[in-house]
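Me: I would like to learn how to read a structure like this one. Please show it and take me through it.

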Amino acid sequence: MRRFLARRLTHGAAVVLIAASLAFVLVHIAPGDPFSTLNNDQLDPRVVEAWRTAYGIDRPLPQQFYSFFRQLAVGNLGLSVSYGRPVSEVLARALPNTLLLMGVALLVSFTAGIAIGAWQAMHRDSVGDRVTGTTSLVIGSLPEFWLGLVLMVVFAEKLHWLPAGGMVDPLHNMLSTGGRIVDRIRHIVLPALTLGLLGTAAIARYQRAALLDVLPQDFIRTARAKGIAERWVVYRHGLRNALVPTIVLAGLSLPTLLGGAVFVETLYAWNGMGSLAAAAFFSRDYYLVLGAVLVGSVMVVVGGILTDVLHAVVDPRVRAR
Amino acid sequence: MDANPSRRRRDDDAGLGSSPWREALRTLRHDRTAMAGAIILLLLIGAAVAAPLLTPYHPEKPLDIVALKNLPPSLAHPFGTDQHSRDVWSRMIYGARVTLAVAFLSVLVAVTVGTAYGAIAGYVGGLTDALLMRVVDACLAIPRVLLLIAIATLWQAYSVTGMVLILGLTGWFGVSRLVRTLVVSAREDDFVAAARALGARDSRVLVHHILPRVIGPVLVAATFAVGNVIVVEAGLSYLGMGVKVPAPSWGSVFQEGMGVFTSSIWASSFASAALVVTVLAVNLVADGLRRALNARQLPAR
């Protein structure tokens with residue numbers, strides 16, 4: 001297990017390093033530099049030139065490459081033009097919000113997806129199975145921003161059940177402790193549901209197929225032959241083994257989930273990494289966007305490692321590989 | 001198929017029935033959901049091609065900004081009008097041109113690059129393979145939407161060609177991994193060893209013996225990618241980073257309609273309905289293709 005972990009961590013570190021190099025290349029093949037996008041006619045060109053020297057943008061590329069990684073190693077991702085603060089600081093504030101949103105969405109999609117998929121597999125080819133299958137196919141094809149908009153119009157605009165956006169109520173600080181918790185929960189329901197519904201559709205389809213792969217196998221027949229109740233056979237013997245591919249799916253779906261979070265966060269004014277990156281596009285905040293890309297890929301890599309470890313814990317055969 | 005053995009025998013006699021592609025096509029023709037998807041897709045492509053014949057109004061010119069703005073659907077305007085008093089139906093039909101062209105062309109770019117990259121990695125093997133695949137791992141670790149936002153920030157406005165390139169060049173990573181896996185397994189096959197023993201050069205082995213095995217799965221992946229790229233492109237338009245052309249795309253129709261969503265839901269609703277129907281149709285075809293192409297690998301053949 002230790003060797004497995006060491007190998008996986010080395011691989012992850014290599015991937016992050018290459019991703020960072022790609023980000024460096026991306027910036028340097030793009031036209032202009034961070035200071036050419038200021039669009040300030042009042043500024044003396046000599047000042048801009050002095051900034052370029054101060055920030056080392058006029059130095060040869062290998063030198064810049066070296067210092068880019070040296071700065072990266074100490075967590076310096078550059079300065080955010082629109083916030084006037086270090087990118088790492090800006091991102092550190094947004095990251096917990098994105099993690100919270102993604103975590104709740106994952107929880108929703110796993111609980112609901114596994115339950116629905118298992119039910120479908122047990123009632124294979126029944127009317128209920130087909131209706132559910134078609135519904136999840138349709139939901140899976142919906143764009144996040146549209147699904148989010150519909151939920152927002154129905155539950156916020158028309159029914160007034162839930163707030164239409166933001167992280168907390170404007171009067172949040174005047175509420176009691178219990179009121180604050182309720183307020184936060186009310187604000188996360190719609191964004192998490194939007195993101196979670198799409199995941200539920202994917203996981204349900206996957207879980208159904210996985211369980212149908214497991215159910216015809218010999219050990220299931222053995223369990224049935226021993227006289228174990230069908231419900232117990234499915235949940236205890238079938239589902240347990242069918243969970244393995246679903247765990248792997250969770251790791252693989254992380255980039256998609258993070259991409260979906262960009263749209264959901266923008267729509268619901270959720271102060272996360274995604275809405276930050278989308279807003280940074282309009283202020284041409286070079287380093288903030290790149291910082292978001294790097295943090296995003298680190299999240300994906302770490303998520304992948306966690307998935308592999310979990311996979312190895314559940315399935316001993318993986319460790320041997 | 002088994003219900004009609006006589007026809008099958010006749011095909012075999014003509015020397016046609018043995019082609020796996022013919023077999024797959026026949027399976028596909030009997031797949032009702034896949035055919036429904038294919039018909040919808042063909043109708044959409046037809047509408048996009050024949051756009052000037054199907055649209056009574058100009059897609060970009062306002063009709064009457066005072067009297068004809070934000071109208072609900074009517075006989076004169078089947079999809080209503082938008083906040084600039086333009087006919088939404090005409091905008092949607094012309095939008096299909098941009099949306100479908102961007103989707104198909106960018107997937108073409110992605111598949112070409114991905115297949116070449118993956119084939120080289122898989123065929124050469126060794127250290128080259130390991131290095132090339134680590135780069136792909138890194139690219140796959142970057143969430144695509146964030147990468148696209150970064151590219152949009154660094155390069156700003158772009159044309160349809162630019163959009164095709166951006167979506168294509170950020171979409172090939174998965175394809176290359178798939179192709180590499182297929183090539184590695186095909187490389188070990190006996191028929192490849194046989195071809196080599198007969199003195200075939202590497203390029204010939206790759207093109208004539210290995211690539212034909214790769215095309216099927218890649219075709220399935222590419223079809224799924226078309227559906228995915230339509231959503232991604234619409235999403236970029238929604239964020240305000242879409243194609244900057246005078247002609248509308250479905251994403252931009254949706255985004256403009258969203259601004260007046262509470263008072264007039266028509267423009268954005270029709271745009272999103274078009275998106276969903278198209279993506280669904282593409283996914284149905286892709287699903288059918290996967291079933292049809294898997295079927296030929298069964299020993300029953």
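Reply: Start with pLDDT, the predictor's confidence in each residue, from 0 to 100. Helices (H or I, at least four residues) and strands (E, at least two) are DSSP runs, numbered from the N terminus. This is a predicted model, in which local features need pLDDT of at least 70 and side-chain atom pairs count only at pLDDT 80 or more, while totals for chains, interfaces and linings use all residues. Residues are numbered from 1 along each chain, chains are lettered from A, and side-chain values use heavy atoms, leaving out hydrogens and water.

Me: Where in chain B is confidence lowest, and where highest?

Reply: Where pLDDT is low, the predicted coordinates should not be read in detail. In chain B the lowest confidence falls in helix α1 (residues 5–13), with a mean of 46, and the highest in helix α5 (residues 88–124), at 91. Residues 1–15 of chain B have pLDDT below 50, and this stretch has ten contacts (heavy atoms within 4.5 Å) beyond near neighbours in sequence. Residues 295–301 of chain B also stay under 50, with three contacts beyond four places in sequence. The average over chain B is 81, and 88% of the residues score at least 70.

Me: What does chain A average?

Reply: Chain A averages a pLDDT of 82, with 96% of the residues at 70 or more. Its lowest confidence is in helix α13 (residues 316–320), at a mean of 69, and its highest is in helix α4 (residues 87–122), at 89. The model as a whole scores ipTM 0.82 and pTM 0.83.

Me: How much area do chain A and chain B bury between them?

Reply: The size of an interface is often given as the accessible area lost when the parts come together. Buried area is that loss (1.4 Å probe), summed over both parts. Here the two chains bury about 3,700 Å², 83% of it on carbon and sulfur atoms. A:S141, A:F145 and A:F281 supply 17% of the area that chain A buries against chain B, more than any other three residues. The contact takes 43 residues from chain A and 41 residues from chain B.

Me: How many salt bridges are counted between the chains, and how many over all chains?

Reply: Side chains of opposite charge can pair when their charged atoms come close. A salt bridge is a side-chain nitrogen of Lys or Arg within 4 Å of a carboxyl oxygen of Asp or Glu. Between chain A and chain B the count is zero, whereas over all chains it is 14. One salt bridge joins B:R134 and B:D137, with the closest N and O atoms 2.9 Å apart. These residues are separated by about one helical turn, because they are three residues apart in helix α6 (residues 126–141) of chain B.
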